[in-house]
Amino acid sequence: MATKAIWKLKTDVCPTCGYSRKGGYTHHGATLADRFWAKVKKATGNRCWLWTASNLRGYGIFGIGRKSYLAHRVAWFLSTGIWPNKQVLHTCDTPSCVRFSHLYLGTQAENMKDMIQKGRGAWQK
């Protein structure tokens, strides 16, 4: 799974200008990581690092080639080098947060249990 996903994120042809380079392109000098972290507002201390670009219902969206990915999943990949094989959950409950120390892998069931324990369900408000 990780190898397939890494291939998806390491494209050989720039979707904008068609520039090709073996092992992945750097779009006009910007690597994937450069492009990603340029869209993040990093806070001091242990506060959230907020995604400042496109979002869908509060969750950051990052485009790679012609596909869009959730920004916190890309942050996980950039921090670990492994594409997540589970959901990437937030300890901080902030959908736009991409700070690695605020993220962890979990299942849908674990995410729902966390939501109920923290009183975030729509019926709990």
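**Close-up views of a predicted model**

**View 1. C97, a buried cysteine.** C97 has 0% relative accessibility, so this cysteine counts as buried. The model shown here, and in every view below, is predicted.

View 2. A disulfide is a covalent bond between the sulfur atoms of two cysteines. This structure holds zero disulfides. C97 takes part in none: the nearest cysteine sulfur, in C48, lies 3.8 Å away. C92 counts as partly exposed because its relative accessibility is 22%.

**View 3. Helix 3, largely enclosed.** Helix 3 spans residues 71-80. Seven of its ten residues are buried, so the rest of the structure largely encloses this helix. The buried ones are A71, H72, R73, V74, A75, W76 and F77. G81 follows helix 3 and has a positive phi, near 80°.

**View 4. The largest nonpolar core.** In soluble globular proteins, nonpolar side chains tend to be buried together. Here the largest nonpolar core has 17 residues. F36, V40, W51, F62, V74 and V98 have the most contacts inside it. Helix 2 (32-37), strand 4 (59-64) and helix 3 each give two or more residues to this core. Helix 3 gives the most, with five.

**View 5. The surroundings of V98.** Which residues does V98 contact, leaving aside neighbours within four places in sequence? They are F36, W37, V40, W49, W51, A71, H72, A75 and L103.

Definitions and conventions. Residues are numbered from 1 along each chain as its sequence is written. This is a predicted model: local features need pLDDT of at least 70, side-chain atom pairs count only at pLDDT 80 or more; totals for chains, interfaces and linings use all residues. Side-chain values use heavy atoms; hydrogens and water are left out. A disulfide is a pair of cysteine sulfur atoms within 2.5 Å. Buried means under 20% relative accessible area, exposed over 50%, partly exposed in between (1.4 Å probe, protein chains only). Helices (H or I, at least four residues) and strands (E, at least two) are DSSP runs, numbered from the N terminus. A nonpolar core is a set of buried Ala, Val, Leu, Ile, Met, Phe, Trp, Tyr and Cys residues joined through side-chain atoms within 4.5 Å. Contact means heavy atoms within 4.5 Å.
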